[in-house]
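Trainee: I'd like to learn how to read a structure feature by feature. Could you walk me through one, please?

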Amino acid sequence: MGFIQSVWKATWNGHPVNVSSSGLSRGFEVDVAGKVAVKRVMTLSGAGHWEGDVDVDGRGAHVVIELSGTLTGTDCDLWIDGEKIPLEVVK
């Protein structure tokens, strides 16, 4: 987890999932199967709970992300259709 940028990767139902946050722009994005599910500006602390929807394989999927900011970076938890998705820290 980096101060300037954090990146996490996962797989959901065989599809790539990418989560990225930027300390410079204070924004983050959740991409599921190449489609943006959630894209927002973070709160000043870097923490928050956001939700969005994305169509994958012809069906809708509900995405929930929780970011918690710390002095050393950002922690991330992700759920898709109620299933907690284990994330791998890339950067």
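Mentor: Gladly! This is a predicted model, so let's start with one side chain. Burial is judged by relative accessible area, and under 20% counts as buried. Phe 28 has a relative accessible area of 3%, so Phe 28 is buried.

Trainee: Is Trp 50 buried or exposed?

Mentor: Apply the cut-off again: under 20% is buried. Trp 50 comes out at 12% relative accessibility, so Trp 50 is buried.

Trainee: How many aromatic pairs does a search of the whole structure find?

Mentor: One aromatic pair turns up in that search. The partners are Phe 28 and Trp 50, with ring centres 4.6 Å apart and planes at 50 degrees.

Trainee: Why is the pair tilted?

Mentor: The angle between planes decides: under 30 degrees is stacked, over 60 is edge-to-face, and the rest are tilted. Phe 28 and Trp 50 have their planes at 50 degrees, so theirs is a tilted pair. Look at the sequence too: Phe 28 belongs to strand 3 and Trp 50 to strand 5, so the pair ties together parts 22 residues apart.

Trainee: Which residues touch the most other members of the largest nonpolar core?

Mentor: That core has 21 residues, and those touching the most other members are Val 30, Val 32, Val 63, Ile 65, Leu 78 and Ile 80. Strands 1 to 7 each give two or more residues to this core. Strand 6 (59-70) supplies the largest share, four residues.

Trainee: Now the strands. How should I follow the pairing?

Mentor: Go strand by strand, then pick out facing residues. Strand 1 (residues 5-12) pairs with strand 2 (residues 15-22) in the antiparallel sense, over eight bridges. Across them, Trp 8 stands opposite Val 19, and Thr 11 faces Pro 16. The hairpin has two residues between these strands, and Asn 13 there takes a positive phi near 50 degrees.

Trainee: Which strand does strand 2 pair with over six bridges?

Mentor: That is strand 3 (residues 27-32), again in the antiparallel sense. Val 19 stands opposite Val 30 in strand 3.

Trainee: Where is the bridge partner of Lys 9?

Mentor: In strand 9, where Glu 88 is the partner. Strand 1 and strand 9 (residues 88-89) run antiparallel, joined by two bridges.

Conventions:
Residues numbered from 1 in each chain as written. Predicted model: local features only at pLDDT ≥ 70, side-chain atom pairs only at ≥ 80, totals over all residues. Heavy atoms only, no water. Pairing = 2+ DSSP bridges. Core = buried A, V, L, I, M, F, W, Y, C linked by side-chain atoms within 4.5 Å. Buried < 20%, exposed > 50% of the residue type's maximum accessible area, 1.4 Å probe, protein only. Phe/Tyr/Trp six-rings, centres within 6.5 Å; stacked < 30°, edge-to-face > 60°.
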